[in-house]
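Q: Could you walk me through this model and tell me what stands behind each label? I'd like the value and the cut-off side by side.
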Amino acid sequence: MKLFPIFADLKDRRVVVVGGGAVAERKTLALLEASADVVVGAPELTPALAALAAEGRIRHLAGRFDPAWLDDAWLTVAATDDREANAAVSQAAGERRLFCNVVDDPELSSFQVPSIVDRSPLIVAISSSGVAPVLARRLRERIESLFDHTLGQLAALAARYRKPIRASHPDLGARRRFYDWLLDGPVAGLLRQQQPVQAEAALTAALAAPIAPAAGSVALVGAGPGDPGLLTLKALRALNEADVILYDRLVSDEVMSLARRDAERVAVGKQPGEDHHATQARIHALLVEHARAGRRVVRLKGGDAFIFGRGGEELEYLRAHGVRYEVVPGITAALACAAYAGIPLTHRDHAQSVRLVTAHCREDEDNLDWAALAQERQTVAFYMGVGQLDLLTQRLLRHGRAPDTPFALIENGSRPGQRVLSGTLQRLPALAAEHAIRSPALLLVGEVAGLAPRLRWFGEYVEGNLERMAA
């Protein structure tokens, strides 16, 4: 190793920052987070540093660098834009056997400030030994996505109970198993759900009794519309921690490629023409079966599980069978498809409300409020409507929607094969048939859809004689 990694306790210890600009400000704020006694030496300070000095949170030594500034210091940082001045700080620090960091100058530095992932008291530091700071920052970004922000709370809780844990589990092997349970079991889950009192109660109860076999759990995760870049960080973490993944038909291969490699993958997507009630009952049974076997289950749904995804039904079933669960929202199709088509769902000049509607119903089961859906100055997003375009068009026109109302039909929204077909409502079925639009596709009806020709930015666009364009 070129550098030896250490974590320094700077609480109430004098650290001198030479420089009063934006870089010095950033370093000062980080040092204050570590409770250091920060002294900033510079002719002038940024407004933020001046405010800190006025509040007494730092001390300001006005003027050009004087080696005497480093007397009684534990550490120093040179953050001026003058290399000669920085070199003078480095030399003076070396003469005093002080570690010195010269920002962006590893040759003059005796220590490097790493990129940090902060889950205090858990800290992860990444260093490229000063030769590739951009790479270190990139790795920090990747690591940030892996660790939930509640890990710090979990580490603090474990620290508070360290002695009781050692007392109740004097055997090293048993103690390790307890910590595995603490990291993977209900305590961590309760902290993620922002229930710290219940988490601590679960820990104290476990100290008083033998640990039962690990209980499984289910994470109901929204996979978004297909672009893996739209996954939330929590969704990515859940996929990487899963033992079993039950996934729907519309979950993209790119999203599945981000999941834990050795996780068991079970396709449970409903197919056209099959008995969906029977399929849903099978999904319910699989969720409970795997969770009761102690596995961490991810129920992965396209879009968001609570928008036409039967997520509520699955949670009701899990609760009735005593299975722990959590929910990770996903970006629903209306939001993603509209954004990738350049269509704002609301617009001050065109739409003051949005309605999300499932078109997946038979004509004899139609109980939608078509009079309300046909009103102007709103956006209506129809899910699962490709097979119902004739019916949708007829209903909207019959209840007063203007024939020249713009529409946008978005096929494979956010995916490499995205197509956006736009036109006027009266021609919707004919244009969709002419261009062979296939599921998955989302239909947007309303004045905002007329913005698609001007604001489009992603994928293929097909204009079908849009007679009334939004200004």
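A: The centres of domain 1 and domain 3, taken over C-alpha atoms, are 51 Å apart. This is a predicted model, with residues numbered from 1 along each chain as its sequence is written. Local features need pLDDT of at least 70, side-chain atom pairs count only at pLDDT 80 or more, totals for chains, interfaces and linings use all residues, and side-chain values use heavy atoms, with hydrogens and water left out.

Q: Where do the domain bounds come from?
A: They come from an automatic or database domain assignment. For this protein it gives domain 1 (14-113), domain 2 (149-208), domain 3 (217-328) and domain 4 (334-463).

Q: What makes H1 oblique to H2?
A: Helix H1 (residues 22-33) and helix H2 (residues 47-54) pack at an angle of about 40°, their axes 9 Å apart. Angles under 35 degrees count as roughly parallel, over 145 as roughly antiparallel, 65 to 115 as roughly perpendicular and the rest as oblique. So H1 is oblique to H2.

Q: Which residues make that contact of H1 and H2?
A: With contact meaning heavy atoms within 4.5 Å, Ala 24, Glu 25, Thr 28, Leu 29 and Leu 32 of H1 meet Ala 48, Leu 49 and Leu 52 of H2. By class, the H1 and H2 contact has 6 nonpolar, 1 polar and 1 charged. Here Ala, Val, Leu, Ile, Met, Phe, Trp, Tyr, Cys and Pro are nonpolar, Asp, Glu, Lys and Arg charged, and the others, Gly among them, polar.

Q: Why is H7 called roughly antiparallel to H9?
A: Helix H7 (residues 172-184) and helix H9 (residues 196-208) pack at about 155°, with axes 12 Å apart. That value is over 145, so H7 counts as roughly antiparallel to H9. On the H7 side, Phe 178, Trp 181 and Leu 182 meet Ala 202, Leu 203, Ala 206 and Leu 207 in H9. The contact of H7 with H9 has 7 nonpolar residues, no polar and no charged.

Q: What makes E13 and E18 edge strands?
A: Two strands pair if DSSP finds at least two bridges between them. The open sheet of 6 strands runs E13-E14-E17-E15-E16-E18, with mixed pairing. Strand E13 (354-358) and strand E18 (460-464) each pair on one side only, and those are its edges.

Q: How do you know that E13 and E14 pair?
A: E13 and strand E14 (residues 379-383) share 5 bridges, in the parallel sense, and the cut-off is at least two. Arg 355 stands opposite Val 380 in E14.

How values were computed:
Axes fitted to C-alpha atoms, helices over the stretch in contact; angles between N-to-C directions. Helix = DSSP H or I, 4+ residues; strand = E, 2+ residues; numbered from the N terminus.
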